[in-house]
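Please have your viewer ready.

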Amino acid sequence: MSSVRSSSLGFPRIGEQREWKKNLEAYWNQKISKEDYVTKQKALRLENLQKQKDAGLDLIPVGDFTHYDHVLDTAVAFGLVPDRFSYDGGEVDLDTYFAIARGNDKAVAAEMTKWFDTNYHYIVPELNGREPELVHNRWLTLIEEAKKELHIVGKPVILGPVTFVKLSKQYGNRSFVDHVRSLLPLYTTVLNELANAGVEWIQVDEPILVGDVSDEEWSIIEEAYDWFAKSAPDAKILLQTYFEGIGALDRATKLAVAGLGLDFVYSNSLEQLKGTDFPKDKTLAAGLIDGRNIWRTDLTETHSIVKEILTVVSEEQLIIQPSCSLLHVPVTLKHEQKLESDLKAALSFAEEKLTELDQVKSVVNKENEPERLQAGKEAIEALNQSASRTNKEVREALERSKKEDSKREVPANKRMELQQEVFQFPSLPTTTIGSFPQSPEVRKTRLQWRRGEISNEAYEAFINAEIKRWIDIQEEIDLDVLVHGEFERTDMVEFFGEKLGGFEFTSNGWVQSYGSRCVKPPIIYGDVYFQEAMTVKETLYAQSLTEKPVKGMLTGPVTIYNWSFPRTDLQPGDVVNQIALALEKEVLALESAGITVIQVDEPALREGLPLKRSKWTDYLNQSVVAFQLSVKSVQPETQIHTHMCYSDFQDIIQAIDGLDADVISIEMSRSHGELITAFEDYTYSKGIGLGVYDIHSPRVPTEEEMETSINRALQVLDQRIFWVNPDCGLKTRKEPETVEALKAMVKAAKNKRKELLVK
Ligand SMILES: Nc1nc2c(c(=O)[nH]1)N[C@@H](CNc1ccc(C(=O)N[C@@H](CCC(=O)N[C@@H](CCC(=O)N[C@@H](CCC(=O)O)C(=O)O)C(=O)O)C(=O)O)cc1)CN2
Ligand SMILES: [Zn+2]
């Protein structure tokens, strides 16, 4: 009897207790040897595979595990190492690999940016250097390892050539299409070697297909997969997409591949499929379990969807799977002891998602009764009925806000005059983005406090001492607008999640953000409301120590939403505005306590931009309104700052302007200055700081380098609006390098000020 099979697109790398991160950092800090490191990561890699096997998966993804990032893995497999890393062929060694990702004393790191609309960041390949060649078929190595060690015939997961080139930069003299063509023979070798090694399916990811695909892109996709069909006829390619639907599904079904993977959770793929003549000789891999949010699935509904899909394709044509790689959700619920039971019952992390998948599969294949699928539905219904889901006051305030104007009353240019009278800043004022190093001592003390090993008073005294030390350091460096340093915060979103009503937080729900860095996104499960002042105490303490303004520091509504796991029973816009209204109360609390500069960070605004352009306007309008709501009631003299990082901003400059913040700081150095061009044809007239140094690298930039950045910015921005600041917060840096870099930054600003006076 034929049956439906199950598959998955990727598994979290980090391990149940973030072993992956610990191994990496131990190696980087020279606490363990290279052999030791490699052995430990291998154990984790195999454990992850074993878990997926035990969960009953028919097709187990292999090759998604990495030492840092899967896009970088693809680049180095093809020997695409930027020239500045002095590499001359052969398999790229681990230390060169890490140098590309993190920079070293000789060379700056490669750019890092958002992976589609997620909080995962990849390393951007640079294509203007060497000719690509296949220097290591890493997929083959990993497939052989899985076979040898665990008797698993895995499904290799490969980033496809068109998406790979599209995510790269610095094309040099070659066009986009020619870069893809130069890679095709190399991919062919990879595919043939894998087919010869006996793998059945090969998953080739082309997620760019879910965006706005140009004619040129479609043609090269068609050309590439035609090429593979001819040059690697034994390779059974499953062309995988995720995060959205494919606009031109008809066209995609005609590609020369054996299978097509579609996301049924974040798109209307089901409707589209019903309107398509899906070929009888192709496999459909249907993404049915939400791979990027943590809610349990109503499997009765999934079952009905499968039944509908089976009216279009046959059972042997169908594979069921999560909607995307499980990289974006935490590993397991089993260590969550503190969650309220109604909530916990309605959650599902990576391991649980695979169990859910196996349950639907067994019912679809008639090995189990459909009653088996009731539990998830009941858990979600119980959560929906819990009192915490709705708060009448919040709902009323939300409705009122929809009828009011969200903008500040006094226009920006007028506010700028009023503010300059109050603050009397020098030209090119200097500031930082908010956080200072979260030293091991800070983290350790917080852990002790959380475990009840030290008292609230002792913890508070420790945080205050740290604030004071850093206010002194900032005074000494002579920055113009100071910050308290965010020492009391674990993470900028988790912190507010813990303090606002309507959020829950996990003990161990870590998700990789970039490299070894992880985040613990809070869960938005009820209506969001302000409970008590969240940041006033630390900010006021810092302000009491200095005559200079201390910036209040809040995370904005869009970022809190995008970096949390949101409830799905309300419209996103309503949830974001609930957060905005709660934050407004904090903004006003800071202002009435005498804080005159307040920064509301929106680093995630760009990343949440929908993958299809047709959805941009709604998203951007909604985001702008939410931001405005959170700050609209302050006095015109109160200076509102905002901050953004990690993305391409060219596309959204207008929306950024629309936020109507008095000052914005944007990351620029990590992206090697490309943002500048956006201001060549857009007149920006509010305060703006384009980051003058990359904060992700331990490397300390020189005064001259920063002066160069300032000069470059002043070619397109008026000196009267320009601020000097680093790319982003400094929490991941160590103290000595931070102090040194900031000293150099302030010197660079002062040199430039002098020069401007002379002119
Ligand atoms: N949510 C979010 N997304 C973001 C960013 C961000 O800041 N927040 N920034 C951008 C880049 N992403 C980043 C993501 C994470 C980190 C980061 O530093 N993460 C920390 C974890 C932060 C944290 O919550 N730390 C806890 C400590 C938890 C911990 O590890 N405790 C140790 C013990 C502590 C010790 O002894 O060292 C343990 O339990 O074993 C705390 O400070 O309290 C890390 O991975 O190291 C930085 C940037 C984009 N996306
Ligand atoms: Zn930032």
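The sections below cover the ligand shell, the nonpolar core and the sheet.

## Before you start

This is a predicted model, in which local features need pLDDT of at least 70, side-chain atom pairs count only at pLDDT 80 or more, and totals for chains, interfaces and linings use all residues. Residues are numbered from 1 along each chain as its sequence is written, while chains are lettered from A and ligands numbered from 1 in the order in which they are written.

## Around the ligand

Ligand 1 is surrounded by 22 residues, each with its backbone-placed C-beta atom within 6 Å of the ligand. The closest are Arg443, Thr490, Ser513, Arg517 and Val519. Helix H17 (440–450), strand E12 (511–514) and strand E13 (517–519) each give two or more residues to this shell, and H17 provides the largest share, five residues. Helices (H or I, at least four residues) and strands (E, at least two) are DSSP runs, numbered from the N terminus.

## The nonpolar core

Ile202 and Met745 have the most contacts inside the largest nonpolar core, which has 212 residues. Such a core joins buried Ala, Val, Leu, Ile, Met, Phe, Trp, Tyr and Cys residues through C-beta atoms within 7 Å; buried means 20 or more other C-beta atoms within 10 Å of a residue's own, with C-beta atoms placed from the backbone. Helix H22 (residues 572–592) gives the largest share of this core, nine residues.

## The sheet

Eight strands make an open, parallel sheet, ordered E1-E10-E9-E8-E7-E6-E5-E2. Strands pair if DSSP finds at least two bridges between them. Strand E5 (residues 155–159) and strand E6 (residues 201–205) pair over three bridges, and valine 157 has glutamine 203 in E6 as its bridge partner.

Note on methods: A residue is buried if 20 or more other C-beta atoms lie within 10 Å of its own, exposed if 12 or fewer, and partly exposed in between; C-beta atoms are placed from the backbone.
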